[in-house]
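Here is a short briefing for a reader new to this structure.

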Amino acid sequence: MSTAVLTRLKEEYGAARAALPGSVIDAHRRSEAIETLCAQGLPTGREENWRYTNLRVLERARFTPAQASAEVLPTLPEPLTGFARYVFVAGRLRSLATAPHGVTVRSLLSGGPADGAWRIASELPEARLALLNEAFATDAACIEARPEADHAGIELVFLAAAGADSGASYPRVRLALGSGARLTVVERHIGVGEASSLVNSAVRVELGPNAHLTHYRLQQCAARTAWFDTLTAELAADARYDLLAVGTGALASRSTVHARLTGRAAQLTLSAAALGAAQQSQDMYALSEHLAARTSTVQTFRGIASDRSRVAFNGKIAVRAQAAGTDSRQSLRGLLAGAQAEIDLRPQLEIYTDEVRCSHGATAGKLDENMLFYLLSRGIAPELAQHLLKWAFLEDVVAKIELPQLRRQIEHGLAGQMSEAVALKELL
Amino acid sequence: MLTIENLHATVDGKEILKGLNLTVPEGEVHAVMGPNGSGKSTLAHVLAGRPGYAITAGTVRFKGRDLLALSPEERAREGLFLGFQYPVEIPGVNNVYLLKAAVNAARKHRGLAEVDAFEFLTLVRDKMRLMRMDESMLSRGVNEGFSGGEKKRNEILQMLVLEPSLAVLDETDSGLDIDALKVVASGVNTLRAPNRSLVLVTHYQRLLEHIVPDRVHVLVNGRIVRSGDRTLALELERRGYDWLIGEAA
């Protein structure tokens, strides 16, 4: 990454800083963040865990936050029944809802007690783009679930409108669940506009003892968006974090997930599906760090690369010395659906203790010829047959979506031109 | 219904069918028998249009049309059905979904509207009862986790729902116990009709005790070397294939 970009980044920060809200993050921390980031440099393709990311888009990106203009909102997805919906435009909270029982949802921009002490970047170099968010954040959603929160639902919609100014947007979220709290969060990143723009999101998850968070993350950004995302999570004893991510949008997408299982018997399930088409790149790096005994991770990835796209998943399970009795499973599968497409799967295990059970499997291949012929021999059109098989391929992840309404929405999102298959599925 | 003349087919440059002639008139059930490696499955797959086979000579006419000019899906929509020897498992595509897509593809081809969802399910359930299949199989992935016998029943179920004009059943009896064989056979027999033809590709005579063929053909080394009525099958049962292999050589 050239120094020219860093110079420009500093200049843009210098010009924007006066207008950045201190209630979200104070000026001192912002400056610190930009300095740390510049010292470390932006990610480059020479770094092992950034190899498959399209980083060229960062070179061209404009970092200055976009204005929260009154541009026409796109049609938002149908609200989920029983969920309180919060809409953020260009990273700023636009619409308030009534939070469910036991849950507090606050926008740091709209005042209230300052709460900027939490950090998203970890010591992990892969998580350093969260510093960019820390420097430029225009708002932050602080969601706290108290122990009495019981199966409450929150929906966060982040809308990036890539307008003429092509400014960046900085979604920033903290999800903190108290002891025993139960919460479902649906987080959507959607976009409108033809201009290229940067979305840099940063999410912090803190789960207290025995808390259970079900977290759906949908990336459906506009076609020329660069989406760079960092999520760090900390799981206390017996906490359970079910994270399901589906990525279909953006030109270049990279998500870094760093989960630390610090409490005994904490459980993480990470299920991710990514679809790449045209020139898209979809990249995810997920590190699950086991720091306590009897912790578990189940990682499932299904990716399909069509046309000239690239889909990558790099999943690492690190079992530290104190994490005896860890159980981890990785199942990574990629489907090549284009002659010029690329799939990169990397399962990694790093184990510093005995007494662990870790299994992993990674396969990448093309559509099964036998399955395809079987469908054709039943009169199914080749296009539909291919869609069905791609559909079936994603099933391992899609089947984990427990909310029927959301599942239907995600299926529609995944379907795209698979609409015929979806219509059939719905009839039955 | 089906007229095959001088059919030559190769796989990876190796000739498997070497001038095969076979005519199956409308309304008739024909059995194609033969030893292992004689080309029985190749014949079934070539008829269904499976990729990987090169047709080097010959013609196949199906209901008066050039079958070989049609894609696999067009053949199916025209009313050709292949019952697979080894039905494929497709986890994630559910059975009823496939059945419906298949029925609608054929209906669209004939200029008909899509099938009514309720009537369709009623029909499928009726056929499932006939095949002694549990209804829960409908919502499962295609053949997913099915036993060998369940897969074969599922093939026949698909055939009953699709009502093809020509069904080619490739070793449908293999891997079936006697009870399953009877169920499969009775399913097939319900489909016998004056406007429909069946080709049973089989290694053994026992299927033909339950589905009585009008004609029996013996395929040896890529050619039909003998044809006769059902007594030919009994003769094969008694004498094996060796005497015909000797004649064909």
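**Briefing**

In chain A, 10 strands make up an open sheet, ordered β2-β1-β5-β7-β9-β11-β13-β15-β17-β19, with mixed pairing. The model is a predicted one. Chain B has an open sheet too, built from six strands. The two chains bury about 2,400 Å² between them.

**The sheet of chain A**

- The edges are β2 (92-95) and β19 (357-366) of chain A, and each of these strands pairs on one side only.
- From one strand to the next, the twist averages 15°.
- Strands β7 (residues 182-192) and β9 (residues 212-220) of chain A are parallel and share nine bridges.
- Within that pairing, Ile190(A) lies opposite Gln220(A) of β9(A).
- Helix α6(A) packs on the sheet and touches β11 (240-247), β13 (267-276), β15 (296-306) and β17 (327-337) of chain A. The direction of α6(A) makes about 160° with that of β15(A).
- Helix α7 (residues 404-415) of chain A also packs on the sheet, where it touches β7, β9, β11 and β13 of chain A. The direction of α7(A) makes about 25° with that of β9(A).

- β15(A) and β17(A) run parallel, joined by 11 bridges.
- Ile304(A) has Leu335(A) in β17(A) as its bridge partner.
- β17(A) pairs in turn with β19(A), in the parallel sense, over 10 bridges.

- β6 (80-83) and β12 (223-228) of chain B are the edge strands, each pairing on one side only.
- The twist averages 20° from one strand to the next.
- Five bridges connect β3 (residues 29-33) and β10 (residues 197-202) of chain B, and the two strands run parallel.
- Val29(B) has Leu198(B) in β10(B) as its bridge partner.
- Helix α8 (residues 230-239) of chain B packs on this sheet and touches β3, β11 (215-220) and β12 of chain B. The direction of α8(B) makes about 45° with that of β11(B).

**Where the chains meet**

- Chain A gives 22 residues to the contact, and chain B gives 31 residues.
- Of the area buried between chain A and chain B, 72% is on carbon and sulfur atoms.
- Eight residue pairs are in polar contact across the interface, with both residues at pLDDT 80 or more.
- One salt bridge crosses between chain A and chain B. The side chains of Arg378(A) and Glu155(B) form a salt bridge, 2.7 Å from N to O.
- On the side of chain A that touches chain B, the elements giving two or more residues are α5 (369-376), α6 (382-398) and α8 (419-427) of chain A.
- The residues on this side of chain A comprise 16 nonpolar, three polar and three charged.

**Salt bridges overall**

- The count over all chains is 35 salt bridges.
- One of them joins the side chains of Glu206(A) and Arg174(A), at 2.7 Å from N to O.
- This pair links distant parts of the chain, 32 residues apart. Glu206(A) is in strand β8 (residues 197-207) of chain A, and Arg174(A) is in strand β6 (residues 172-177) of chain A.

Terms used:
Residues are numbered from 1 along each chain as its sequence is written. Chains are lettered from A and ligands numbered from 1 in the order in which they are written. This is a predicted model: local features need pLDDT of at least 70, side-chain atom pairs count only at pLDDT 80 or more; totals for chains, interfaces and linings use all residues. Side-chain values use heavy atoms; hydrogens and water are left out. Contact means heavy atoms within 4.5 Å. Buried area is the accessible area (1.4 Å probe) that two parts lose on being put together, summed over both. A salt bridge is a side-chain nitrogen of Lys or Arg within 4 Å of a carboxyl oxygen of Asp or Glu. A polar contact is a pair of N or O atoms within 3.5 Å; within protein, one must be able to donate a hydrogen and the other to accept it, and residues adjacent in sequence count only if both atoms are side-chain atoms. Helices (H or I, at least four residues) and strands (E, at least two) are DSSP runs, numbered from the N terminus. Ala, Val, Leu, Ile, Met, Phe, Trp, Tyr, Cys and Pro count as nonpolar, Asp, Glu, Lys and Arg as charged, and the others, Gly among them, as polar. Two strands pair if DSSP finds at least two bridges between them. Axes are lines fitted to C-alpha atoms, for helices over the stretch in contact, and angles run from 0 to 180 degrees between N-to-C directions.
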